[in-house]
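Hi there,

Here is the structure I promised to send over. Have a look at it first, and then read on for what I found.

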Amino acid sequence: MDLSLTPELEEFRDEVRTWLEEHLVGEFAEHRGVGTSSDDVAWDVRLAWDRELAAGGWLCMGWPEEYGGRGASIDQQLVFELEYARANPPYKATAAGQDLLGPTLLAFGSEEQKRRFLPRISAAEEFWGQGFSEPGAGSDLAAVRTKARLEDGEWVIDGQKIWMSVGARAHWMYVLARTDPDAPRHQGLSMLLVPVDQPGVDVRPIRNIEGGADFCEVFFEGARTAEDMVVGGVNNGWKVAMGALGTERGTTLLAEHLRVQREIDLAISAARSTGASRSAVMRAELASSWSAAKIMEWNGRRLIAAIKGASGGDAATQASISKVFASERHQRIGEVAIRAMGPAAEVVGPDYELNPLQAMYLHARAESIYGGTTQIQLNVLAERALGLPREPRRR
Ligand SMILES: Cc1cc2nc3c(=O)[nH]c(=O)nc-3n(C[C@H](O)[C@H](O)[C@H](O)COP(=O)(O)OP(=O)(O)OC[C@H]3O[C@@H](n4cnc5c(N)ncnc54)[C@H](O)[C@@H]3O)c2cc1C
């Protein structure tokens, strides 16, 4: 893939760099690298940062202008993502709406839904939770049992969702619900947009391994939403949900290697200061971690080439390859970092305060689960990339 920048892109890169230098200051700079895609650590600072980005026109850049974007090309988005990751700002607080629901609405939403919701997502004003998983319906998402029925021009929803990232902050949820109980499993589902602030929605936080309680289970008991709050047509929810998950597996990984490289630098410093670097095994592990970050970078480039149609490769397949490799290797890198820290790795600060390597080690455990588990991605690759026999499926 040709990575040389045209003069226009160089100019654009300089604009991004200058903006970041001028705005990533003060408390934003003090919170460099803080947060992940699924926690609400330092929420207020991260939200203020998202709004700073929105004011600069840097959120949802690829969206059309009428929905709050700036119609940026894929190359511009890529240049931005790389510059952005290099600057190491706080992790965006409201990324779920921007990276997951937004593209889904652009692809499947009605004009009214796009006008109503997208500008508020790109302005970091309204936050969204993803209500897909249920107890008994995770990898096997078509087993969803939450039901919705039409009553007096409104959908009435009953059921339970679980593992909703940053759900405790959400104003709205996009919920996969069974709207035709008699249809085959994949055909009777719809994706509904549901306001949280109503008596029928009960959000219960779940404390996670990193100490945060932004993760939630959500109970719907007679919850209501308007009839036109269905995305992509009634009983078409499977297709819409697969579109949303495809986005989750793809774009979020493009500049991840830069974050990982920084973590490896921290692990190297830790190994030097504890003396762990005197071990040849540790040195080999750190070198192997560094190589893995390089492979993540190349996987990201392959994904871009596939998205742009420049490689003849299939973007969904490449996204699965990137996800399996990155999540598995990131877990191993976390283990190396913890060993590099020595016994200090077992001690947390007051109020369960974690240092960046401890937080990374714990968070990486989730990466092979969310957005489609490693085993499911391997099944997908076996079937779609290698042409192996399909796994038996329930109808
Ligand atoms: C940090 C985090 C954030 C999340 N955020 C959200 C969110 O915002 N919204 C949301 O809806 N969900 C969210 N999830 C849930 C996530 O999508 C599910 O956990 C995931 O899909 C797996 O489902 P499960 O937990 O039910 O596990 P299961 O599906 O029960 O899987 C258990 C194990 O069995 C394996 N397995 C299952 N089926 C197969 C198969 N056919 N072949 C081989 N192996 C198989 C799995 O790989 C896994 O190892 C989040 C999860 C995490 C960890």
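How far apart do the C-alpha centres of domain 1 and domain 3 lie? In this predicted model, the distance between these two centres is 22 Å. For orientation, the domain assignment of the protein chain gives domain 1 as residues 7–93, domain 2 as 128–236 and domain 3 as 254–385.

Domains 1 and 3 also touch: 11 residues of domain 1 are in contact with 12 residues of domain 3. On the domain 1 side of this contact, the residues divide into 5 nonpolar, 4 polar and 2 charged.

The other thing I looked at is helix 3, which runs over residues 43–55.

Which residues of helix 3 are buried? They are R46, W49, D50 and L53. Seen down the helix axis, these buried residues fall within an arc of 100 degrees, so they line one face of helix 3. The spacing makes sense, because an α-helix has 3.6 residues a turn and residues three or four places apart point the same way.

Helix 2 (26–30) is among the elements that cover the buried residues of helix 3. On the other side of helix 3, D44 and A55 are exposed. Just after helix 3 comes G57, which takes a positive phi of about 80 degrees.

Happy to go through any of this with you.

Best wishes

Notes:
Residues numbered from 1 in each chain as written. Predicted model: local features only at pLDDT ≥ 70, side-chain atom pairs only at ≥ 80, totals over all residues. Helix = DSSP H or I, 4+ residues; strand = E, 2+ residues; numbered from the N terminus. Expected span 1.5 Å × (residues − 1). Buried ≥ 20, exposed ≤ 12 C-beta atoms within 10 Å, placed from the backbone. Arc of directions from axis to C-beta. Contact = placed C-beta atoms within 7 Å. Domains from an automatic or database assignment. Nonpolar A, V, L, I, M, F, W, Y, C, P; charged D, E, K, R; others polar.
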